[in-house]
Amino acid sequence: MLHAGFWKRVLAHIIDSLILGFVFMIMGLIWGVIQLFGNWMPSPAETSILTDGPSAIFTMRLLGQTLLNLGASWLYYAIMESSKCRATVGKLALGIVVVDEFNQKLSFGRASARYWSKLISSIILMIGFIMTAFTAKKQALHDLIAHTYVVDKRELNYILQKQSGRGAGM
């Protein structure tokens, strides 16, 4: 099985980041318009909790936007990688897909575990991502945790066709 290497995965991540960046920009504009024209003002109870006034309100809005972006990012990766596509748009553009140890598509739960495991890789100075370049099956830490592999789509399709053909002939 041809496992996707480090640089191919980096490029796929860049493509996905550009897509998500555009989505986040649109969501931020919508979020801003809603708050601007929604005439959102804190109630007296909220202002007593938010003793800093405008800066605390700004911080809460920023936190809300960050959580919204994190949720959208998680759903993008988990839904795309657990769909029949088995990959995000960036991975599809480079001809790679994510599979489990049986070369099957991921469940939504496993794709979610894979996504959230990326936080561990980020916390440890990106070492979990760099591992891809040095592991035998080109797995990052989040792949090892979720028991997943990123592989060449054409080769996977060839292997699956060969297996289904062998099964039909027996």
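I am working from a predicted model, in which local features need pLDDT of at least 70, side-chain atom pairs count only at pLDDT 80 or more, and totals for chains, interfaces and linings use all residues. Residues are numbered from 1 along each chain as its sequence is written, and side-chain values use heavy atoms, with hydrogens and water left out.

For burial I used relative accessible area with a 1.4 Å probe and protein chains only: under 20% is buried, over 50% exposed, and in between partly exposed.

Next I turned to helix 5 (108-123), helices being DSSP runs of H or I with at least four residues, numbered from the N terminus. Its buried residues are A111, S112, R114, Y115, S117, K118 and S121. Of these, A111 is in contact (heavy atoms within 4.5 Å) with A78, E81, S82 and L106, leaving aside neighbours within four places in sequence. After helix 5 comes L125, whose phi is positive, near 60°.

Which helix gives the largest share of the nonpolar patch? I found that helix 5 does, with four residues. L70, for its part, lies in helix 3 and is partly exposed, at a relative accessible area of 33%.

How values were computed: Helices (H or I, at least four residues) and strands (E, at least two) are DSSP runs, numbered from the N terminus.
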